Amino acid sequence: IYYINRAFSNIHLNKPKEAIEDCDKAINLDPKQPSAFLNRGYAENDLGKYNEAIADYNLAITLNPQTSNVFNNRGFAKSNIGDYKGALADYNEAIKQDPKSLLAYGNRITLNEKLNNLNNVIADCDIVISLNPTLSIAFISRGFAKSKLGKYQDAISDYNEAIRLDPNSAVAFYDLATAEFYTNEIDEAIKDCNTSLDLNPQYTDVYDLRSYLYQKKGAYKQAV
């Protein structure tokens, strides 16, 4: 237990190699301890060793199949090696075991965004918002999905709520400006681009959007 606890601490101290060493020692002492394989999988994920992490998560699940976060973590590793079908199945199982797991919902939302399963993104965002209505990122993700579906006014409402919850979100202002472009609210979009850049001057996509918006207005000097 000492090695497992120290491994857990090392993971949170961003020392994955030390965590793996401690897990190896714990496994040598007790090869039927699922927490040792779980923590080693955590550390391997942090190092980008996704196949090794999956192998350890498999062992952890064999020893204790009723562990939502193991399925969630294995899903994350599978997603990173391109096994999206397997990742989705793991996220589904994680949520089945823990219907209030915001982390599992978040990972499933990210994956469904990548797979362009936009209605599924919206459905999961609805659940996340019902569980925690203060999460700005949930409104951003839902707004992004609605915008891609052409529901720009609904998207704008979500982005505005995201900004109310987190006024320092450069992403929310950029996404809002993008939706406003599609509803032909050019001046508002330029204003929101400016705010986004005030918050994050390195956000290159915003410069591109703002330049295009100025061109649309005929303000070619400002577009340069």
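How many salt bridges does the count come to? In this predicted model, the count comes to 13 salt bridges.

Arginine 40 takes part in a salt bridge with glutamate 44, and the closest N and O atoms of the pair are 4.0 Å apart. Both residues belong to helix α3, which spans residues 34-46. They are 4 residues apart in that helix, about one turn. Glutamate 44 and arginine 40 are both buried. Arginine 40 also forms a salt bridge with aspartate 56, for which the closest N and O atoms are 2.7 Å apart. This second pair links distant parts of the chain, with arginine 40 in helix α3 and aspartate 56 in helix α4 (residues 50-63), 16 residues apart. Arginine 40 counts as buried because its relative accessibility is 17%, under the 20% limit. Aspartate 56, at 3% relative accessibility, counts as buried by that limit as well.

When neighbours within four places in sequence are left aside, the contacts of aspartate 56 are Phe37, Arg40, Gly41 and Glu44.

A salt bridge is also formed by glutamate 188 and lysine 191, where the closest N and O atoms are 3.3 Å apart. The two residues are separated by about one helical turn because they are 3 residues apart in helix α12, which covers residues 186-199. Glutamate 188 has a relative accessible area of 36% and is therefore partly exposed. Lysine 191 is likewise partly exposed, with a relative accessibility of 46%. Elsewhere, salt bridges that share partners join Asp24, Arg40, Glu44 and Asp56 into one network.

The packing of helices is considered next. Two packed helices are described by the angle between their axes and the distance between the axes. For α3 and α4, the axes come within 8 Å and cross at roughly 160 degrees. An angle over 145 degrees counts as roughly antiparallel, so α3 and α4 are assigned to that class. The crossing of α3 past α4 is left-handed. On the α3 side, the contact is made by Pro34, Phe37, Leu38, Arg40, Gly41, Tyr42, Glu44 and Asn45. On the α4 side, the contributing residues are Tyr50, Glu52, Ala53, Asp56, Tyr57, Leu59, Ala60 and Leu63. Sorted by class, the contact of α3 with α4 comprises 10 nonpolar, 2 polar and 4 charged residues. Arg40, Glu44 and Asp56 are among the residues that make this contact, and these three residues also belong to the salt-bridge network that includes Asp24.

The helices α1 and α2 were examined in the same terms. Their axes come within 8 Å and cross at roughly 165 degrees. The pair α1 and α2 is therefore roughly antiparallel. The crossing of α1 past α2 is left-handed. In α1, the residues Tyr3, Ile4, Arg6, Ala7, Asn10 and Ile11 meet Pro16, Glu18, Ala19, Asp22, Cys23, Lys25, Ala26 and Leu29 of α2. By class, this contact of α1 with α2 has 9 nonpolar, 1 polar and 4 charged residues.

The loop between α1 (2-12) and α2 (16-29) contains asparagine 14. The phi angle of asparagine 14 is positive, about 60 degrees, although the residue is not a glycine. With a relative accessible area of 62%, asparagine 14 is exposed. A positive phi, about 65 degrees, is also found at asparagine 184, again not a glycine. Asparagine 184 is placed in the loop between α11 (170-182) and α12. At 54% relative accessibility, asparagine 184 counts as exposed, because the limit for that class is over 50%.

Lysine 146 is situated in helix α9, which runs over residues 136-148. Its relative accessible area is 14%, so lysine 146 is buried. With neighbours within four places in sequence left aside, lysine 146 is in contact with Ile122, Lys151, Asp154, Ala155 and Asp158.

Technical notes. Residues numbered from 1 in each chain as written. Predicted model: local features only at pLDDT ≥ 70, side-chain atom pairs only at ≥ 80, totals over all residues. Heavy atoms only, no water. Buried < 20%, exposed > 50% of the residue type's maximum accessible area, 1.4 Å probe, protein only. Contact = heavy atoms within 4.5 Å. Salt bridge = Lys/Arg side-chain N within 4 Å of Asp/Glu carboxyl O. Axes fitted to C-alpha atoms, helices over the stretch in contact; angles between N-to-C directions. Parallel < 35°, antiparallel > 145°, perpendicular 65-115°, else oblique. Left-handed = near helix turned anticlockwise from the far one by under 90°. Nonpolar A, V, L, I, M, F, W, Y, C, P; charged D, E, K, R; others polar.
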